[in-house]
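Biologist: I have a structure open and would like to learn how to read it. Can we go through it feature by feature?

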Amino acid sequence: MPDLLREKTVTARKAHECMTCTATAIRPGETYVRTTYVYDGHLYDWVQCTECDQISGLVYNWSSDPDEGVGRDDFMEWAREHHDDPRHGEAARAYLARVRSE
């Protein structure tokens, strides 16, 4: 299970790619969330646009094994499963629209 060390909302000084939707939507001057974890003895940062951060809790709660962490594949699966959901469909469709073509 990844251990959360720090989470903060910061203003970008340079362009960043959201590691969840891979959109290059984080431009200088925009805010984003940077989370620092340690997992298996390795330290890493997870950079996420505010839109993805807003649905993180939904995806985490939906995930079948959140103890191993929640990644891009989990977000994709959640969005595909919920795109017609009356409560979360709009957020799921917005996520799918942000994701780059694979």
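This is a predicted model: local features need pLDDT of at least 70, side-chain atom pairs count only at pLDDT 80 or more; totals for chains, interfaces and linings use all residues.

Biologist: Which residues touch the most other members of the largest nonpolar core?

Modeller: In soluble globular proteins, nonpolar side chains tend to be buried together. A nonpolar core here is a set of buried Ala, Val, Leu, Ile, Met, Phe, Trp, Tyr and Cys residues joined through side-chain atoms within 4.5 Å. Buried means under 20% relative accessible area, exposed over 50%, and partly exposed in between (1.4 Å probe, protein chains only). The largest core has 19 residues, and C21, I26 and Y95 touch the most other members. Two or more residues each come from β3 (42–49), α1 (50–62), α2 (72–82) and α3 (89–98). Of these, α2 gives the largest share, four residues. Helices (H or I, at least four residues) and strands (E, at least two) are DSSP runs, numbered from the N terminus.

Biologist: Which residues of α2 are buried?

Modeller: An α-helix has 3.6 residues a turn, so residues three or four places apart point the same way. In α2, F75, M76, W78, A79 and H82 are buried. They line one face of the helix, because they fall within an arc of 165 degrees seen down its axis. That arc is taken from the directions from the helix axis to the C-beta atoms. On the other side, D73, R80 and E81 are exposed.

Biologist: What do the buried residues of α2 pack against?

Modeller: They pack against β3, α1 and α3. Contact means heavy atoms within 4.5 Å. Take H82, which is buried at 12% relative accessibility. Leaving aside neighbours within four places in sequence, H82 is in contact with W62, H88, G89 and A92.

Biologist: How many aromatic pairs does a search of the whole structure find?

Modeller: A pair of aromatic rings is described by the distance of the centres and the angle of the planes. Rings of Phe, Tyr and Trp (its six-membered ring) pair if their centres lie within 6.5 Å; planes under 30 degrees apart count as stacked, over 60 as edge-to-face and the rest as tilted. The search finds two pairs. In one of them, the rings of F75 and Y95 have centres 5.8 Å apart and planes at 35 degrees, so the pair is tilted. F75 in α2 and Y95 in α3 are 20 residues apart, so this pair links distant parts of the chain.

Biologist: Are F75 and Y95 buried or exposed?

Modeller: F75 is buried, at 2% relative accessible area. Y95 is buried too, at 0%. Not counting residues up to four places away in sequence, Y95 touches T20, C21, C52, I55, R72, F75, M76 and A79.

Biologist: Which element gives the most to the lining of the largest pocket?

Modeller: That is α1, with four residues. The residues closest to the pocket's centre are T35, Y37, Y60, G69 and V70.

Biologist: Where is D40?

Modeller: D40 sits in the loop between β2 and β3. Most residues other than glycine have a negative phi. D40 is not a glycine, yet has a positive phi of about 55 degrees. At 66% relative accessibility, D40 is exposed.

How values were computed
Residues are numbered from 1 along each chain as its sequence is written. Side-chain values use heavy atoms; hydrogens and water are left out. On a 1 Å grid over the protein atoms alone, a cavity is a set of points where a 1.4 Å probe fits but cannot get out, and a pocket is an open set with protein on both sides within 12 Å along at least five of seven lines; lining residues have an atom within 4 Å of a point.
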